[in-house]
Amino acid sequence: MFLLKFIGFLAIFRSSYQQFPRACATAEALLSKECCPVWDGDASVCGESSRRGSCQDVSVTDAADGPQFPHSNVDDREKWPLVFYNRTCQCVGNFMGYNCGDCKFGFFGPNCDERRESIRRSIFQLTTAEKNKFIAYLNLAKNTVSTDYVIATGTYIQMNNGSTPMFRNISVYDLFVWMHYYASRDTLLGGSNNVWRDIDFAHEAPAFLPWHRVFLLLWEQGIRKLTGDQNFTVPYWDWRDAQDCDVCTDEYLGGRHPTNPNILSPASFFSSWQVICTKSEEYNRLETLCNGTGEGPILRNPGNHDRIRTPRLPTSAEVEFCLSLTEYETEPMDKFANMSFRNTLEGFADPSDGMANRARSTLHNSLHIFMNGSMSQVQGSANDPIFVLHHVFVDSIFEQWLRRHQPVGAAYPAANAPIGHNHGYHMVPFIPLYRNGDFFLSSRELGYDYAYLLEPGQRFLEEFLAPYLDQARQIWQWLLAAGILGALVAAILVLSVVLTCRKRKRRRSSYEERQPLLHDSDESQNLNYQTTL
């Protein structure tokens with residue numbers, strides 16, 4: 001009931017983040033290849049009048065790609081975003097966004113001049129109110145249509161090279177599901193089922209960790225814009241040494257259905273969610289893209305998976321071995337890389353020796369296999385809300401590695417990585433544009449940290465005191481009223497005691513004046529005892 005009321009209250013907000021800006025999804029914008037919308041704050045293109053940014057030519061890297069993708073000029077994602085736009089808003093200072101109307105990660109305020117570090121905490125360290133709020137935010141995002149962004153439902157060629165736009169509305173949550181799908185989908189080569197599968201702009205190569213880092217930052221920022229809650233941070237699930245899916249309960253992200261183990265309990269909010277972008281083979285057969293249509297409920301059957309490929313969930317020892325690897329990436333910079341921190345964390349290499357193993361799915365991959373459902377298919381995995389909690393913890397392991405080894409920027413490959421993964425490549429399909437190598441740096445420089453990575457004193461404050469302080473902030477009016485009432489009651493009691501004491505003192509003085517009339521010593525002693533008593 002609380003969540004329903006909370007969602008209803010928040011439904012007055014309408015905002016979202018990323019992919020094709022609605023203002024740029026027109027034939028005029030596509031034919032001119034210019035995506036430079038007006039910022040409403042000053043009614044100028046890219047907020048130029050307020051010196052936020054300006055409309056500039058897009059510069060793409062000419063570094064050579066690896067041999068994994070032998071085609072050229074057949075995929076809209078090549079040299080992103082040039083197939084669609086060659087001019088976009090280039091923001092300056094602390095400003096960011098498709099029209100420079102937002103703040104860079106870690107900056108807040110109307111002028112983006114308030115630097116603040118956000119702390120991501122374990123979902124099990126959230127108070128009941130915080131946990132309920134998180135679930136309410138997820139449901140709000142799932143049921144709120146984006147006013148800022150739309151998704152493409154056809155390729156640029158299918159749009160007649162821009163003259164016939166093919167875009168569709170999408171909810172805030174599903175927008176991110178679609179982005180994950182679009183980055184990892186197969187290349188359509190023309191003809192039914194004529195596709196190239198060995199391509200992925202977000203997985204199986206160096207950009208896996210930076211891409212998902214930006215994805216999560218945008219997801220977090222999108223929730224803040226949607227709800228107006230600038231203190232929101234996305235929680236994580238620390239799955240090290242877990243024996244089962246600890247978050248798979250109705251209190252958190254949905255328990256198991258009592259009669260059908262493949263779907264969620266009807267007592268969970270998430271049981272009513274419809275997944276999108278899960279039918280990749282159908283899209284390939286029809287030569288089309290995912291259009292955001294609902295395709296059934298979330299599927300999840302944790303633990304009933306292929307135990308030969310994934311015997312169990314990752315252990316602390318496996319994570320520690322992964323962190324000990326000194327090379328971020330090694331040749332051939334894909335899922336066959338040996339002794340690569342990225343490939344080992346992603347789960348294509350054995351976390352006991354760092355050697356690539358096609359027969360096993362470990363660390364990051366093991367969680368997807370273990371969930372045995374929507375999470376287990378790459379393109380549609382973001383449909384399950386566990387996806388976000390899982391990847392936030394993966395990002396925290398990436399952060400640990402960065403702090404431990406402190407690599408220079410050159411440690412991220414500048415050339416010869418699989419297409420979309422070189423240092424200077426713009427991440428697909430984000431608009432505004434972000435380069436892979438620009439996010440190969442500590443999370444602190446991006447305005448966030450993890451509770452379990454803080455110094456002991458800070459960690460105690462954040463993990464144990466902060467939740468209660470947050471609760472106190474939520475009920476401060478009641479605490480203030482109780483304090484005032486308590487002070488009034490105390491004042492009345494003190495005044496009553498003082499008045500009573502004064503009355504007794506006057507009575508005693510009056511009685512002592514009559515005391516000399518008594519001459520018998522025993523009677524006098526008795527009177528004195530009684531008076532003293």
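**Notes on the predicted model**

1. Gln406 has a relative accessible area of 63% and is therefore exposed.

2. Gln406 sits in the loop between α10 and β16.

3. Cys112 is another non-glycine residue with a positive phi, in this case near 55°. The loop that holds Cys112 runs between β9 (107-108) and β10 (114-115). Is Cys112 buried or exposed? Its relative accessibility is 1%, and the cut-off for buried is under 20%, so Cys112 counts as buried.

4. There are cis peptide bonds to check. One joins Glu331 and Pro332, with omega about 5°. Pro332 belongs to the loop between α7 (316-324) and α8 (341-346). Another joins Val428 and Pro429, again with omega about 5°. Pro429 is in the loop between α10 and β16 (448-450), where Gln406 is also found.

5. The largest pocket holds about 890 Å³ of space. Its lining is made by 40 residues, and those closest to the pocket centre are Asp200, Glu204, Lys335, Phe348 and Val378. The elements that contribute two or more residues to this lining are α4 (172-184), α6 (280-286), α9 (363-371) and α10 (386-405). Which helix gives the largest share of the lining? That is α9, with four residues.

6. Three strands form an open sheet in the order β2-β6-β5, and the pairing is mixed. In general, strands of a sheet pair through backbone hydrogen bonds, in either a parallel or an antiparallel sense. Between β5 and β6 (residues 87-91) the sense is antiparallel, over five bridges. Asp57 stands opposite Arg87 of β6.

7. Leu485 is placed in helix α12, which covers residues 476-514. Leu485 counts as exposed because its relative accessibility is 53%, and the cut-off for exposed is over 50%.

Terms used
Residues are numbered from 1 along each chain as its sequence is written. This is a predicted model: local features need pLDDT of at least 70, side-chain atom pairs count only at pLDDT 80 or more; totals for chains, interfaces and linings use all residues. Side-chain values use heavy atoms; hydrogens and water are left out. Buried means under 20% relative accessible area, exposed over 50%, partly exposed in between (1.4 Å probe, protein chains only). Two strands pair if DSSP finds at least two bridges between them. On a 1 Å grid over the protein atoms alone, a cavity is a set of points where a 1.4 Å probe fits but cannot get out, and a pocket is an open set with protein on both sides within 12 Å along at least five of seven lines; lining residues have an atom within 4 Å of a point. Grid points are joined across faces, edges and corners, and a volume is the space filled by probe spheres set on the points.
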